[in-house]
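Have the viewer open as you read.

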Amino acid sequence: MIQHRISLETFEVPTGTPVFDWTVPKEWNVRDAYIKGPDGKKVVDFQECNLHLLNYSAPIRATMPLSALKNHLFTIPEKPDWIPYRTSYYKEDWGFCLSHNQMLALEDGSYEVCIDSTLEEGHLTYGECYLPGRSTDEVLFSCHTCHPSLANDNLSGLAVTTFLAQFLSERGLHYSYRILFVPGTIGAITWLARNREAVGRIRHGLVLTCLGDKGPFHYKKSRQGDAEIDRVAAHVLLHYGGSREILEFSPYGYDERQYCSPGFNLQVGCLMRSVWGSFPEYHTSADDLSFIQPPHLAESLRICVAIVDVLEENRRYRNLNPYCEPQLGRRGLYGSTGGEGIESEVNARLWVLNLSDGEHSLLDIAERSGLSFSAIKCAAQILCESNLLEMMPEEGNRDKCKPRAHGRSPARALIERYPR
Ligand SMILES: [Zn+2]
């Protein structure tokens with residue numbers, strides 16, 4: 001489905017491939033799984049919900065009393081109608097997940113257990129979309145693809161990342177973009193192990209996850225803490241309005257853990273709405289399609305696009321008239337009314353002129369002035385057109401971005417359909 005929207009190349013890495021301190025594991029496939037009660041009727045059925053099976057369960061066919069079966073059943077007593085999502089990746093085991101009420105209804109007797117799965121030599125699969133820009137410097141976006149049936153903690157990241165990739169493929173790009181769809185942890189480790197030479201080109205990056213619920217935005221900083229992506233994400237969320245929180249880096253969470261491991265120490269943060277583990281639906285059957293909503297996904301996409309806009313256009317400029325203020329009024333740049341205090345547009349022009357000494361980037365100016373990046377960028381553009389400002393020569397190979405392609409792509413339509 002993703003390949004229908006963007007050009008995605010898939011890679012298959014064989015079981016047993018060493019990837020840093022890890023090894024690509026066996027491939028797990030499931031045909032069927034169920035528990036039959038003493039009356040021969042199915043009481044738990046994988047075909048009804050794939051969360052019912054402890055993920056990575058080894059195959060088994062056995063009959064056992066309820067007391068023995070219970071050692072392999074997982075429920076959430078506090079949420080008696082929800083099915084938990086459980087995995088056993090690195091310990092060979094088997095089990096079933098079910099609602100607590102479902103388990104309470106089980107009567108004593110003999111139960112038939114069937115897990116028709118295979119755990120064999122195979123492949124780890126990941127997808128990669130590469131969008132070349134004018135620079136070989138790269139921006140990385142990464143999302144995880146491994147949780148079955150979970151909407152916020154899996155599908156929302158996939159959806160926003162796919163639409164973002166589509167959006168990027170429709171505009172002129174300064175940076176090149178590398179967009180990864182990987183199984184959590186082992187997928188990111190595998191990608192890093194196979195792409196060590198490409199890693200050096202990554203200048204900025206974001207892990208995208210949990211982007212469809214109604215919670216406020218959370219940005220988790222990169223390990224570096226003051227990377228450009230950290231400042232850009234904080235700036236965009238500040239000026240977007242609404243509640244948001246900036247979180248310090250911690251070595252726990254999603255695949256930023258791998259990208260920010262000390263050997264790589266990439267400038268990669270993580271953008272979420274509600275933080276993993278902080279909402280009751282997390283890793284349960286209640287994290288379903290009703291838990292995420294299109295307007296929240298669209299808003300998340302809009303934030304991602306705004307972050308890209310800043311990354312793409314954050315340059316340094318030089319004031320060509322640095323001795324005292326240039327006379328803006330003579331050039332029609334001092335607003336039209338005058339006398340009623342400084343207008344915000346004029347304010348932005350004065351800030352850009354004052355700080356454009358070749359040292360400060362537009363983001364530096366936006367942060368220091370308290371104005372939005374877009375206002376500062378707009379002022380810089382007007383001042384360039386009036387020959388009061390020029391882009392720094394070392395940035396000369398970084399052309400201004402071409403105007404975006406028009407036409408109603410699905411990504412654009414989504415953003416327009418759910419306006420702020
Ligand atoms: Zn998860």
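C114 counts as buried, at 2% relative accessibility (buried is under 20% relative accessible area with a 1.4 Å probe, protein chains only; exposed is over 50%, partly exposed in between). This is a predicted model, where local features need pLDDT of at least 70, side-chain atom pairs count only at pLDDT 80 or more, and totals for chains, interfaces and linings use all residues. Residues are numbered from 1 along each chain as its sequence is written, and side-chain values use heavy atoms, leaving out hydrogens and water.

| Cysteine | Relative accessibility | Nearest cysteine sulfur |
|---|---|---|
| C49 | 18% | C97, 9.1 Å |
| C114 | 2% | C97, 16 Å |

For C49, the 9.1 Å to the sulfur of C97 is too far for a bond.

Now the largest pocket: its volume is about 1200 Å³. A pocket here is an open set of points on a 1 Å grid over the protein atoms alone, where a 1.4 Å probe fits, with protein on both sides within 12 Å along at least five of seven lines; lining residues have an atom within 4 Å of a point. The lining takes in 36 residues, and Y85, Y89, C146, H147 and G184 lie nearest the centre. Strand 4 (27–36), strand 10 (123–131) and helix 7 (256–259) each supply at least two lining residues (DSSP runs: helices H or I, at least four residues; strands E, at least two). Strand 4 gives the most, with four.

Note on methods. Grid points are joined across faces, edges and corners, and a volume is the space filled by probe spheres set on the points. A disulfide is a pair of cysteine sulfur atoms within 2.5 Å.
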